[in-house]
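Dear colleague,

Please find below the structure that I am handing over to you. I would be grateful if you could read the notes after it alongside the coordinates.

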Amino acid sequence: VCLSDIIYLKAEGNYTWIFLKNGERIFVPKTLKEYEDTLCENDESNFIRIHRAYIVNIAQTKSIEKGEDTFITLNDNTTLEISRRKKTSVIDKFNSLQK
């Protein structure tokens, strides 16, 4: 799978769903933490953990809705909640890509 084709990853226990731009979903026997360690390892990466259950490709982001609860809308129109703990870093990364 080409990394640019990944929209987001979703944890399901010790497994991970990978959602692709073409609508395909792949179920993998690896934890989200394992993907976080490789995909989110440096500041230049387009991937960021937004919640305990999600990693998103920030380059596949349409918008971020800020408020008491913060949500990210991806290019496939999926809307995911951003955890309060991750809110600032996700918004900063999104804004840095918009420049």
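The notes below cover the basis of the values, then the sheet and its helix, the salt bridges and one backbone angle.

This is a predicted model, in which local features need pLDDT of at least 70 and side-chain atom pairs count only at pLDDT 80 or more, while totals for chains, interfaces and linings use all residues. Residues are numbered from 1 along each chain as its sequence is written, and side-chain values use heavy atoms, with hydrogens and water left out.

Helices (H or I, at least four residues) and strands (E, at least two) are DSSP runs, numbered from the N terminus. Strand 7 and strand 8 run antiparallel and are joined by four bridges; F71 stands opposite E81 in strand 8.

Helix 2 has twelve residues, which should span 16 Å at 1.5 Å a residue; the end C-alpha atoms are 17 Å apart, which agrees. The expected span is 1.5 Å times one less than the number of residues.

The buried residues of helix 2 are V90, I91, K93 and F94. Buried means under 20% relative accessible area, exposed over 50%, and partly exposed in between (1.4 Å probe, protein chains only). These four residues lie on the same side of helix 2, because they cover an arc of only 165 degrees around the axis, the arc being that of the directions from the helix axis to the C-beta atoms. What covers them includes strand 4, strand 6, strand 7 and strand 8, with contact taken as heavy atoms within 4.5 Å.

Salt bridges

A search of the whole structure finds four salt bridges, each defined as a side-chain nitrogen of Lys or Arg within 4 Å of a carboxyl oxygen of Asp or Glu. Three of them are described here, beginning with the pair E36 and R49, whose closest N and O atoms are 2.8 Å apart. This pair links distant parts of the chain, with E36 in helix 1 (residues 32–39) and R49 in strand 4 (residues 47–51), 13 residues apart. Both E36 and R49 are buried.

D69 forms a salt bridge with R84, at 3.4 Å between the closest N and O atoms. D69 is in the loop between strand 6 (61–65) and strand 7 (70–74), and R84 is in the loop between strand 8 (79–82) and helix 2 (87–98), so the pair ties together parts that are 15 residues apart in sequence. D69 is partly exposed at 35% relative accessibility, whereas R84 is exposed at 62%.

K21 forms a salt bridge with D5, the closest N and O atoms being 4.0 Å apart. K21 lies in the loop between strand 2 (15–20) and strand 3 (25–28), and D5 in the segment before strand 1 (6–12), 16 residues apart.

Backbone

N77 lies in the loop between strand 7 and strand 8. Its phi is near 70 degrees, a positive value in a residue other than glycine.

With kind regards

Technical notes. Pairing = 2+ DSSP bridges.
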